[in-house]
Amino acid sequence: MSQDPWTEPLVDAPLVSRRTTDPINIVVPGVLLMLVSVLGAGICIFSMYVAEPAPRRAATPANQSGQALGHAIGGVLTGPLPLALNGMMFVGGIAMVRREVWGMAIAGSVVAIFPCTSVLCVSLPIGAWCIYVLNKPGVHQMFAKTTAATKQAGAAECVDEPYSR
C-alpha cells in the first residue's frame, strides 16, 4: 500500500535543505562584504590624506575652542573610526568565506549596516543579506563543524617531539 503524499507527512525529509547550507550561498555575500570594506577603506584613506580640507573661517576668541573641538571630533569620525569599521567588515567577510567564526561574521555584517561607513548605500543591503544568510537554519552548525575540523587538523599537525638543535 503506497502512502498518499498529500495527507501523510514525509518522515525522512531533512530538516535543513542542502540549498540553505550550500557553501556558495555563504561565500558570495562574504566576498561582497570584503569588497565593500576595501572600497570603504580606500575612500577613508583618500579623505584623510588626499582630499583637501574645507577652508577654515577665521576663528574669534569666543568660538576658537569650540571650533577646535569640532575639528578634532570630525577628524576622528571621518578618518580612523570608519577605517576601523571597514577593517572589522573585512574580517567578518573572511570569517564568512572560511566559515570559521560565526560571531565575527555576524559582527562584520552588523557593522556594514552602521551609518558610519562611507559606502552605506552599498554596504547596507549587503550587510542585511549577510545577516539573513548567517541566520538561516543549519548555517551556525556548519560554522561549528568547520571550526572543529580546523582545530583537529591543527592538532594533528602538532608534533610532540622535543625541540632539538
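This is a predicted model: local features need pLDDT of at least 70, side-chain atom pairs count only at pLDDT 80 or more; totals for chains, interfaces and linings use all residues.
**Stop 1: the whole protein**

Select everything and colour by secondary structure. The protein has 7 helices and 0 strands. Read from the N terminus, the order of elements is α-α-α-α-α-α-α. Of its 165 residues, 24% count as buried. The protein exposes about 11,500 Å², and carbon and sulfur atoms supply 66% of that area. Now consider the contacts with a separation of 6 or more: residues 24 or more positions apart account for 73% of them.

**Stop 2: helices H2 and H6**

Select residues 24-50, which form helix H2, and residues 120-134, which form helix H6. Two packed helices are described by the angle between their axes and the distance between the axes. For H2 and H6 the angle is about 150°, and the axes are 10 Å apart. How are these two helices oriented to each other? Angles over 145 degrees count as roughly antiparallel, and H2 and H6 are therefore roughly antiparallel. H2 passes H6 in a left-handed crossing.

Next, show the side chains where the two helices meet. On H2, select Asn 25, Ile 26, Val 28, Pro 29, Leu 32, Leu 33 and Val 36. Their partners on H6 are Val 122, Ser 123, Ile 126, Trp 129, Cys 130 and Val 133. By class, the residues of this contact between H2 and H6 are 11 nonpolar, 2 polar and no charged.

**Stop 3: helices H4 and H5**

Move to residues 80-98 for H4 and residues 102-113 for H5. These helices pack at an angle of about 135°, with their axes 7 Å apart. H4 and H5 are therefore oblique to each other. Their crossing is left-handed.

To see the contact, select Leu 85, Met 88, Met 89, Val 91, Gly 92, Ala 95 and Met 96 in H4. The contact of H4 with H5 divides into 11 nonpolar, 3 polar and no charged residues.

**Stop 4: Arg 99**

Finally, select Arg 99, which is in the loop between H4 and H5. Is Arg 99 buried or exposed? Its relative accessibility is 18%. Buried means under 20%, so Arg 99 counts as buried. Look at its backbone as well: Arg 99 has a positive phi of about 55°, although it is not a glycine.

Terms used: Residues are numbered from 1 along each chain as its sequence is written. Side-chain values use heavy atoms; hydrogens and water are left out. Helices (H or I, at least four residues) and strands (E, at least two) are DSSP runs, numbered from the N terminus. Buried means under 20% relative accessible area, exposed over 50%, partly exposed in between (1.4 Å probe, protein chains only). Axes are lines fitted to C-alpha atoms, for helices over the stretch in contact, and angles run from 0 to 180 degrees between N-to-C directions. Angles under 35 degrees count as roughly parallel, over 145 as roughly antiparallel, 65 to 115 as roughly perpendicular and the rest as oblique. A crossing is left-handed if the near helix is turned anticlockwise from the far one by less than a right angle, and right-handed if clockwise. Contact means heavy atoms within 4.5 Å. Ala, Val, Leu, Ile, Met, Phe, Trp, Tyr, Cys and Pro count as nonpolar, Asp, Glu, Lys and Arg as charged, and the others, Gly among them, as polar. Accessible areas come from the Shrake-Rupley method with a 1.4 Å probe; for residues, only the protein chains shown count as cover.
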